[in-house]
Structures are given as C-alpha cells and as structure tokens.
Amino acid sequence: MSFSTLGLSNEIIRAVTERGYTEPTPIQLQAIPAVLSGSDLLAGAQTGTGKTASFTLPLLHRLSSDKSKGTFNGYPPIRALVLTPTRELAAQVEESVREYGKYLKLNSMVMFGGVSINLQKQRLKGRVDILVATPGRLLDHVHQGTLNLSHIEVLVLDEADRMLDMGFINDIRRILSLLPKQRQNLLFFATFSDKIKALAAGLLNHPTMIEVARRNVTADTIAQKVYQVDRDKKRQLLAHLIRRDNWYQVLVFTRTKYGADRLVKQLAEDRIQALAIHGNKSQPVRTNALAKFKNGSLQVLVATDIAARGLDISELPHVVNFDLPNVPEDYVHRIGRTGRAGASGEAVSLVCVDEYPLLKDIEKLIEQRLVREVVAGFGPNPDIEPEAIPNGQQHRPKPEGDKRPARTPKPLPRASAKRKLAPPAATNGDKPGARSFASRRSAKRDR
Ligand code: AMP
C-alpha cells in the first residue's frame, strides 16, 4: 500500500517521498483515513511507530483543502493545536509539520517555556496555522492575552498519558475550555490507563479507536542485554564498554537529575565527553546538548526519563540503562530510542543487586527473560547485600515528569549498612531573577 492510495494531496506525498518514506506504517495506514474522514481518534501508539506523520499528514491535508473561517490580527487564525508533554517533543513535532508541509502554504509555530516569551509574542503577530505547544507556556500566553484559540478546528494531544503523568490535567482542562466546542480531537497515548480512559470519555465524540501493536521490545531490531555489576562499579563498567565496543553515540538513562550530572562528571574524568539533559537544565543547554548529540559531535548524552519519550534520533545505535527505571513501562520507552524505523540497535542495562526486583517487573512486562552477562573484572561480588533504592522523595531530587511513587524493593532479609545518600538537589542553572514571571512559571511547568 502506498501513500497515494490514502487520499493525501500531491504536495504532501511529494514531501513524504522526498523524506524517503515508501509506504505508510501500520499506524499511518489506520489513522490517516480516519482523520481525513473528520472522526475523533483515540490511538495507542508509541514514538517510533511513525505516529507523528499519522496525525500531521491528514492535518496538513485538511487545513490546506478547507479555507479558514475568520481572521485574527489580519491573518487567518490558528486552526490546529498540538499539545505535547515536553519541549523536545514539541520541537520535533513542529519540525515534522514544517517538513511534511513544505509544499503547502501553511505556517507553523512551536511554543514552550524556558526561552524568550517576547520572541513568541512577536511570532504570534504573524500568520500561524498550526501551533505546537507545551501546556505551561501556552497558558502564559493566554493569560497575557497574546494567544487566541477560538478558531481551533483540530486538537491533538500527543503522548497524552505522559502529560497526565506529569500533572498537566488541570492545564489541559483549562486549555480545552478555551477551544471551540465544534472541533476534531485526536488523542495519542503510549500506555492505556484509567486516567486516559477518563480523559477520552470527556473529550472524544464517537472516536475511531486504533491500537497498533506495542512497539515490540522483543523486536529483533533491538538487541537487549543485562550486565550484572556492583552498584559502585557501574561507572567504570560503562566507561569500559564505551571504549571496548567503540560506542560513538550513546544515550544513557539515569534515575535522577543528580545522578545524571554526577555521571557526566565521572565520565569526564575518564576522558569521555558527555552532557546531561534533564528538567533542571536551562532550555538553551538542553537544546544545545541534543543538537550536538544528534549531529554526532557529542559521544554520550545522559538523560533522565524526561528524554525517554519523544526523542527521535535517527539510527541511534546504543541505549544504556545506567539505572533501571522505577516504572517498568519506562524501560520500553527508553529502549525505544534505538532500533527505530527498522534500524538495528542495542539496549544495555547495568543492573546491580538492588535492582533485581525492578528487572523482574520489566521482564514480566515484556514477557521475555533478558540475557545476563558479566564482564570480566566487573562481576558482582556475591557478598554485597541488596539495599533499598531511595524513593527520591526525601533524599534525592524527585525524578521529574513522573508523579508515580518510586518503587522500593521488598524488605530484604539481611539489611545492611545505609546506602550513601545523594547531596541536596542540584539547583536550576537558570537565574530566576533574570527572567520574567511568565517564563519562570512555564519553565517550572513545562518539562
Ligand atoms: P515517530 O513515531 O513519529 O516518532 O516516527 C519515528 C520515525 O519513523 C521518524 O524518524 C520518522 O521520520 C520515521 N517514519 C515515519 N513514517 C515513516 C514511514 N512511513 N516510513 C519510514 N519511516 C517513517
């Protein structure tokens, strides 16, 4: 089946063909006709399945085929709104909108916190057909009277489950109250939950329901492996693997922001160039680190789960779980950063004795037992006792973007000495005094 059979305009097909897509992915095959028919949509699909194009292509088709009604500031009003949980995802989606719509006369804009609001205000004075935004900064504009959403025809909630996990429900409700009642709603989620069910029930009108096969973590494009190692030897093992296997583009996940910063410093001592990306970093720092990583000039990017979703780095060869995530689903999202669009990739987890219960949960979720290996010289010492993983609430900075309580392994038979606790939360690199109230507020809310 080719894109031309889906009813998309020649301009869109040309852009997609130039991008190198020869045929639609399963989510695109199902979602594109549904969206073109005007139906609401409830779609279960993870990043990596081609979901961005599945809503962007029909959205562009619809907006370019129908004339807009009304004007705002002398221009056609904003007609489509895409909400995303993170700034990185917003930037990526808007980039796709521009790419797929390059032969159309439609303008898009991306809007998120942590960057100048004034430039965004300026941009809003011109023509914007499609707005891709994170909720916090969008509401800042609404409060300042610089954004009018009264002509929205299509609303997309991308990674809605993540937005709910991040506590955006009130912001979403507030935004919904600003939109016209008559509109098309497209809701994308990666993991179905009662919260998604409730949101969908209140938002969608007789939706078409689509669920593409979970991005199968057992997919043979991703080779998964567990290295058993002591908690205090993880950093040396990581440096060893990077050197031994000549890894040149490695995305490493840590559980906490503090852990990410500490690992970057430790890798620097090993002369391995790394940068961290997480919610305490200012937006320019995040953007710069990601750009360097994407263009291949940065060897290691260390990230918290904030980066586990949305990031699309073509042909990313290696993902490392320096710490296993507290929530098993996050493992799937993390390793989904590699092996994308059919490319092969490797996902390696460094697992210490404290994390065996987490590993068990992950294996249960993915219905697969992961291959365990020990690297000579880094084998776990059988005398080391498991220790509880601090839940982050009291001792460490909270893992951002995840409201769920961290898991603590079951009480262990022989409790041992207390684990070294992390120092207090790293402070935000931003200088609050230098920024407006609005940007501080959205920096806090937008992750
Ligand atoms: P997404 O799930 O939207 O993050 O997309 C994942 C990756 O798949 C992106 O790099 C897209 O450029 C790519 N992609 C999307 N649609 C197709 C397609 N039909 N054929 C090949 N690659 C695609």
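## How helices and strands pack

Analyst: Keep in mind that this is a predicted model. Let's start with a pair of helices: where α6 passes α8, the crossing is left-handed.

User: At what angle do α6 and α8 pack?

Analyst: Helix α6 covers residues 135–143 and helix α8 covers residues 169–176, with their axes 10 Å apart. The angle between α6 and α8 is about 45°. That makes α6 oblique to α8, with an angle of about 45°.

User: How many residues of the contact of α6 with α8 are nonpolar?

Analyst: On the α6 side you'll find Pro135, Gly136, Leu138 and Leu139, and they meet Asp171, Ile172, Arg174 and Ile175 in α8. Sort the residues of this contact and you get one polar, two charged and, for the nonpolar ones, five.

User: Which strands stand at the edges of the open sheet?

Analyst: Seven strands make up this sheet, with parallel pairing, in the order β10-β11-β9-β12-β13-β8-β14. An edge strand has a single partner, so one side is left without a neighbour in the sheet. That's the case for β10 (274–277) and β14 (371–373).

User: Which residue in β11 stands opposite Phe253?

Analyst: Strand β9 (residues 250–253) pairs with strand β11 (residues 300–303) in the parallel sense, over four bridges. Opposite Phe253 in this pairing stands Ala303.

User: Which strands does helix α11 touch?

Analyst: Helix α11 (residues 257–269) packs on the sheet, and its direction makes about 175° with that of β10. The strands touched by α11 are β9, β10 and β11.

Notes. Residues numbered from 1 in each chain as written. Predicted model: local features only at pLDDT ≥ 70, side-chain atom pairs only at ≥ 80, totals over all residues. Pairing = 2+ DSSP bridges. Helix = DSSP H or I, 4+ residues; strand = E, 2+ residues; numbered from the N terminus. Contact = placed C-beta atoms within 7 Å. Axes fitted to C-alpha atoms, helices over the stretch in contact; angles between N-to-C directions. Parallel < 35°, antiparallel > 145°, perpendicular 65-115°, else oblique. Left-handed = near helix turned anticlockwise from the far one by under 90°. Nonpolar A, V, L, I, M, F, W, Y, C, P; charged D, E, K, R; others polar.
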